[in-house]
Amino acid sequence: MTESEHRKAGTEDRPHLFIVSAPSGAGKTTLCRAVLEAMPDLVYSVSYTTRAPRPGERDGIDYHFIDAERFKQAIQQSRWAEWAEVHGNFYGTSADLIEDALRRGQDVLLDIDVQGAQSISGRYPEHSITIFIRPPDMDALRRRLESRQTDSPAVIERRLRNAEQEMAQMHRYRHVIVNDVLEKAIGELIGVIRSYRSSDPAGGVTGVSR
Ligand code: 5GP
């Protein structure tokens with residue numbers, strides 16, 4: 001997308017919600033970390049989840065780990081900008097975090113699934129930029145999930161089935177980036193995000209746009 005197309009899309013002067021989705025194992029977490037290193041002024045929307053932490057995950061940084069009771073209370077209190085059940089666990093995005101950032105004029109990076117991306121872009125259409133990260137193919141995804149050695153075979157199968165369903169929704173996204181060579185995909189993702197940020201002096205467009 002060119003600068004003028006972005007202007008036509010009407011997102012240039014508003015704070016942005018950069019919504020990144022990908023099947024698990026497509027490398028999204030690594031990509032999002034690289035984006036945050038390159039653009040430390042982006043606010044990362046740390047999701048809340050009821051799933052157990054994986055080795056190395058830190059509470060409050062990777063996720064806020066909470067129990068199902070607290071999660072359900074927050075549903076009652078309308079505290080989620082969106083929430084979804086993914087792979088049998090609850091995941092939610094804090095409405096306060098999103099709305100405080102938008103009020104302050106700050107851009108936000110969200111790493112959420114396809115359902116969440118649809119909910120957020122439906123709720124904040126003028127701010128949302130959707131980006132889908134896809135693996136080169138399903139075999140590559142299986143290999144990545146297996147080599148991660150954090151999930152049981154049954155969980156891996158469930159994630160692969162889910163991935164197929166998510167890939168079927170890819171056409172709904174404004175940008176699609178193939179994570180084949182990691183460094184290249186990082187460059188493309190940073191390029192797409194920069195192209196929307198008028199305050200970013202290194203702005204330019206790369207990546208696959210639709
Ligand atoms: P994982 O358990 O592998 O960290 O994440 C599983 C899936 O849940 C990923 O697709 C991830 O993007 C998604 N996810 C993480 N946080 C949220 C959230 O707050 N809302 C929604 N809808 N999905 C989320």
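Glu188 and Lys184 sit 4 residues apart in helix H8 (residues 182-196), so about one helical turn separates them. Helices here are DSSP runs of H or I with at least four residues, strands are E runs of at least two, and both are numbered from the N terminus. The side chains of Glu188 and Lys184 meet in a salt bridge, at 3.5 Å from N to O. A salt bridge means a side-chain nitrogen of Lys or Arg within 4 Å of a carboxyl oxygen of Asp or Glu. Glu188 counts as buried, at 15% relative accessibility, whereas Lys184 is exposed, with a relative accessible area of 53%. As for those words, buried is under 20% relative accessible area, exposed is over 50%, and partly exposed is in between (1.4 Å probe, protein chains only).

A word on where the values come from. This is a predicted model, in which local features need pLDDT of at least 70 and side-chain atom pairs count only at pLDDT 80 or more, while totals for chains, interfaces and linings use all residues. Residues are numbered from 1 along each chain as its sequence is written, and side-chain values use heavy atoms, with hydrogens and water left out.

Back to the charges: side chains of opposite charge can pair when their charged atoms come close. The structure holds 15 salt bridges. One of them joins the side chains of Arg123 and Glu99, at 3.2 Å from N to O. Arg123 belongs to helix H5 (residues 114-123) and Glu99 to helix H4 (residues 95-104), so this pair ties together parts that lie 24 residues apart in sequence. Arg123 is partly exposed, at 41% relative accessible area, and Glu99 is partly exposed too, at 27%.

Helix H6 (residues 138-148) has a pair of its own, with Arg142 and Glu146 placed 4 residues apart, or about one helical turn. Their closest N and O atoms are 3.7 Å apart in a salt bridge. Arg142 is partly exposed at 32%, and so is Glu146 at 42%. Elsewhere, salt bridges link Arg51, Arg54, Glu57, Arg148, Asp151 and Arg159 in a network.

Now for the strands. In strand S1 (residues 17-21), 5 of 5 residues are buried. Leu17, Ile19 and Ser21 are on one side and Phe18 and Val20 on the other, and both faces are covered. Strands pair if DSSP finds at least two bridges between them. S1 runs parallel to strand S7 (residues 108-111), with 4 bridges, and Ile19 has Leu110 as its bridge partner there. S1 also pairs in the parallel sense with strand S8 (residues 128-134), over 5 bridges, where Phe18 stands opposite Ile129.
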